[in-house]
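Visitor: I would like to learn how to read this model feature by feature. Where do we start?

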Amino acid sequence: MNMIQAINSAMDVCMERDAGVTVLGEDVGYFGGVFRATAGLQKKYGKTRVFDAPINECGIIGVAIGMAAYGLRPVPEIQFADYIYPGMDQLISEAARLRYRSAGEFTCPITVRSPFGGGIFGGQTHSQSPEGIFTHVSGLKTVIPSNPYDAKGLLIAAIEDPDPVLFFEPKRIYNGPFDGHYDRPVQPWSKHDSSEVPEGYYNVPLGQAAIVRGGEAVTILCYGTMVHVALGVVADTGVDAEVIDLRTLVPLDIDTIVASVEKTGRCVIVHEATRTSGFGAELSAQVQERCFHHLEAPIERVTGWDTPYPHSLEWAYFPGPVRLGEALKRVMKD
Amino acid sequence: MADAPGRNLRPLSLHVPEPKYRPGDAVSFDDMPLADAGSVARPDVAADPATMRDLPFTLIRVLDPAGQAVGPWNPRLEPDRVRSILRAMLLTRAFDDRMFRAQRQGKTSFYMKCTGEEAVAVAAAHALDRGDMCFPSYRQQGLLIARDWPLVDMMCQIYSNAGDRLKGRQLPIMYSAKEAGFFSISGNLGTQYPQAVGWAMASAAKGDTRIAASWVGEGTTAEGDFHAACTFASVFRAPVILNIVNNQWAISSFAGFAGGESTTFAARGLGYGIAALRVDGNDALAVYAATEWAAERARGNHGPTLIEHFTYRAEAHSTSDDPSAYRPADEGMHFPLGDPIERLKAHLIAIGEWDEASHEALKTELAEQVRAAGKEAEKLGTLSGTAFNHGFETSFEDVFAEMPQHLREQMEQSAEERRVAGV
C-alpha cells in the first residue's frame, strides 16, 4: 500500500469495527477526497457516515465536536492544513478543553485529518506546516506519520483515542518517500518495507518514537517527510547518525530522545515548519534541559524559513539535504 | 480611479450605529411596532419555510393586555403546567438575587443574572423533552432550574468549592450537567451553535428521537460560528432549534452593532431557507408555543427552526458591568413587553387560577428554598474561603483521559516547588 491506501484502510477498519466512526469534510463523500483518501468509504458505509460538508472549517470542526459529544467518533478532514485556521477556535477553545472544563462529563474523541507540508508546488496556501501551533495547546494530541505502515497504525490509534487528535499527513510522501533531491525521480512506496501493510486491524501506539536508523555520532530528530530527507543525507554522507522519527509530537516520547542524545552527545533537529516558535524550539529546549552535560556541540535546527512558502522558490524554503548536510558538518566538527 | 479628473463626486461617509438613548435621555418605545397578541398565523409544523417568510418580521404573542391567552399560538396549557413555569421563573429570579449578593459579599468572583429574560429559558425547557440536549450560553440558568437540577450543585459551581463537580476550573455560572441535558458552557461566544447542530445531526444519523437546542445572544449572531451553524443546519436539515436571545444589549454595544438596525435577527434564517420565528420573549406562553412548534418540526424531520426571542436585559451584563454608564437607568422600565413574571402571574390571576396571596407565599417559599440551598453549599466552602478547594494537583487532571508523562512531570514539579516553599 502507499500512504493514501494505508490511511484509507485505517478508516475502513475503524468504520467496520465501530458504527460511531463518521467521516466528514469537503469532497470526502462521493468523490472520495481530492487525494482519494476516503475513496469507496461512502459507497461501503452510506451517506450518513461518510458525507461531504460545506466549505466551512469552523462548521466541520464544530459539528464534529457536537457529534463527539453525542457519542460518535468523527473523523473530519480539512482538505489542506493551510485551511484549518477558520476552525482554530473550535479546536483550541472547544475540542481541546471540553474534557477539562466539564471534568470529564463531556469528551471529544475526534481525529482531524489534514494533508500538510510543501514540496508539491502548492504555494503559500497549500504548503504550510502548522503543527507547532497546535502542540502549544493543552489538550490536543498531534500525530505525524512518515510511512504507510505507521500511517495506518497511528491513524487507527488516533481514531480509537479518547481525546482530540490532529493527524497531519505529509502529502509530499503520499505516493513515495522523498529524500529532498527534487531533481531525482521518486521511488514508489511499493519498493519500501513499510508498504507491507496488513489489511486488517493493528495499531501503532501514540507517544512512541521510532529509531529508524541506529547510530553513535549524532541524533537527528525529525518527523514526516523530513525522516526521508534525514535518511537520505545520512546515506549520502556516511555520518553515523541515529535518526529518530518522532511519530507523535504530543505526547512526546522524550525518553527515547534523551537516551539517544546522551549516547551521541550531538543533536540536529529538522522540520519543514517555520523556525521561530516552531516545534524544533521545544525539542531544542527539552534536549538542553535534560541532556546539557552530555552535549558536545550546540544543538542545530534545520527548518523552513520565517517566511510564507514561496511558490516558484519552494526549494529555497524546503530544508533539504544541502542544508541538513551543512548542519551535520557544523555539529560534528569538534 | 478615485481621483480621476473631471469626476465631481460627493465624498463617501461611514455610518456608525448609535442607540436611540444614552444616559440622561428621555426614553420612549412608542414607535416600536408590536403585533397584537393572537394576530400572527401559526403554520403547520411541516410547512415549507418559503411559505412563511413574513414570520421573522412580526412578533408572535399569546398574552393580551388583559392577561388572557389568545390566538392560534396559544399552547392551551393546563393551569398546573403554567404554575410550574411561573414557579421556575420565580425560583430563577430568587436564585439570581441571592447569587448576585454572594458575589457582592466576596463569596465568588463573578455572576450573571437573567432578570427580565426568565421566560426564554424556563418556558423552552418546559416545551422540550428532558432527553433533548441544550447547548446554552451563559444566561440560560433557567434551563437547569426548570429541569429541577439541584440548586446546591449550581451554587457549588459558582463557589468553586469542594462540591463543584467541575473542580473549580470554570468561571462561575459556566455549568455543565450532562444528566440534565445541559452542555458545558463556553465563554467563547457562538461556539456551541455548530456543536448543537452536530449533536442533532448525530442523533438523526443514528435514528434517535432526541433533538438539540442552542441559545446565543443577538450580538453573537455576528460571529462566524453562527453562520456555520445555520449553513450546516440548513444543508443537513438538522433536528435543531437555534435560539437568538435579542435582549438589546451585548455588554455596552446595542443590537445595532450586530446588524439589528437593518433587519430583524429572525430574518437571518431566511437566507438559509430555515423556518424562522420572532417571538415576544417576555411572554412565557409564546416562548413555549414557538419552542413546541419548532420541536415538533424537528422531530418530524421537517428541519431546523431559528427563533428570535425579543426581550430586554433588565440588569447589568454581569457583576463586572455598569449599564448606567451607557444606557438610561430607566430604559428597561419603558420597554413595552413588560416583566415576564408579572405577565404570567397576571394571566393566571385573570383565568382564576392564582391570586396575590398565593404568589407572595410562593415567593417566600422559594426565597427560603434558595437560602437553605445557599447555606448547604457554603458548608462546602466559597471561592474566598479556601483557594484550593480541590487540591492544586487536580488542575493537572482531565487535560487528557490519561495523564501523559510531561503533565505528570509538571505536577510533580509543582508539588516539589510548593513543598520547598512550605505551602
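Guide: With strand pairing. Two strands pair if DSSP finds at least two bridges between them. Helices (H or I, at least four residues) and strands (E, at least two) are DSSP runs, numbered from the N terminus. In chain B, B:Met133 has B:Ala212 of strand 2 as its bridge partner. Three bridges join strand 1 of chain B to strand 2 (residues 212-217), and the two run parallel.

Visitor: What should I know about the model and the numbering?

Guide: This is a predicted model: local features need pLDDT of at least 70, side-chain atom pairs count only at pLDDT 80 or more, and totals for chains, interfaces and linings use all residues. Residues are numbered from 1 along each chain as its sequence is written, chains are lettered from A and ligands numbered from 1 in the order in which they are written, and side-chain values use heavy atoms, with hydrogens and water left out.

Visitor: What is the strand order in the open sheet of chain B, and which strands are at its edges?

Guide: In general, strands of a sheet pair through backbone hydrogen bonds, either parallel or antiparallel. Here five strands of chain B form an open sheet in the order 1-2-3-7-6, with parallel pairing. Strand 1 (133-135) and strand 6 (275-280) of chain B are the edges, each pairing on one side only. From one strand to the next the twist averages 20°. Axes are lines fitted to C-alpha atoms, for helices over the stretch in contact, and angles run from 0 to 180 degrees between N-to-C directions.

Visitor: Which strands does helix 5 of chain B touch?

Guide: Contact means heavy atoms within 4.5 Å. Helix 5 (residues 192-205) of chain B packs on the sheet and touches strand 1, strand 2, strand 3 (240-246) and strand 7 of chain B. Its direction makes about 170° with that of strand 2 of chain B. Helix 7 (residues 284-299) of chain B also packs on the sheet, touching strand 3, strand 6 and strand 7 of chain B. Helix 7 of chain B makes about 165° with the direction of strand 6 of chain B.

Visitor: Now chain A. Why is strand 9 of chain A said to be largely enclosed?

Guide: Buried means under 20% relative accessible area, exposed over 50%, partly exposed in between (1.4 Å probe, protein chains only). Five of the five residues of strand 9 of chain A are buried, so the rest of the structure largely encloses it.

Visitor: Which residues cover each face of strand 9 of chain A?

Guide: In a regular strand the side chains alternate between the two faces of the sheet. On one side of strand 9 of chain A are A:Ala241, A:Val243 and A:Asp245, on the other A:Glu242 and A:Ile244, all buried.

Visitor: How many bridges join strand 8 of chain A to strand 9 of chain A?

Guide: Five, and those two strands run parallel. A:Cys222 stands opposite A:Asp245. Strand 7 of chain A pairs with strand 9 of chain A in the antiparallel sense over three bridges. There A:Ile211 stands opposite A:Ile244.

Visitor: What do the buried residues of helix 9 of chain A pack against?

Guide: Helix 9 (residues 254-264) of chain A has several buried residues, including A:Ile254, A:Ile257 and A:Val261. The buried residues pack against strand 7 (210-213), strand 8 (218-222), strand 9 (241-245), strand 11 (267-274) and helix 10 (279-291) of chain A, together with helix 11 (405-421) of chain B. After helix 9 of chain A comes A:Gly265, with a positive phi near 80°.

Visitor: How many aromatic pairs does the structure hold?

Guide: Rings of Phe, Tyr and Trp (its six-membered ring) pair if their centres lie within 6.5 Å; planes under 30 degrees apart count as stacked, over 60 as edge-to-face and the rest as tilted. The structure holds 26 such pairs over all chains. One of them is A:Phe116 with A:Phe168, tilted, 5.6 Å centre to centre and 50° between the planes. This pair links distant parts of the chain, strand 4 and strand 6 (residues 165-170) of chain A, 52 residues apart. A:Phe116 is buried at 5% relative accessible area, and A:Phe168 is buried at 1%.

Visitor: Where does the charged end of B:Arg169 sit?

Guide: A charge sits over a ring if NZ of Lys or CZ of Arg is within 6 Å of the ring centre and within 35 degrees of the ring normal. The charged end of B:Arg169 sits over the ring of A:Tyr100, 4.0 Å from its centre. B:Arg169 is also among the residues that A:Ala103 touches.

Notes. Lists of a residue's contacts leave out its neighbours within four places in sequence.
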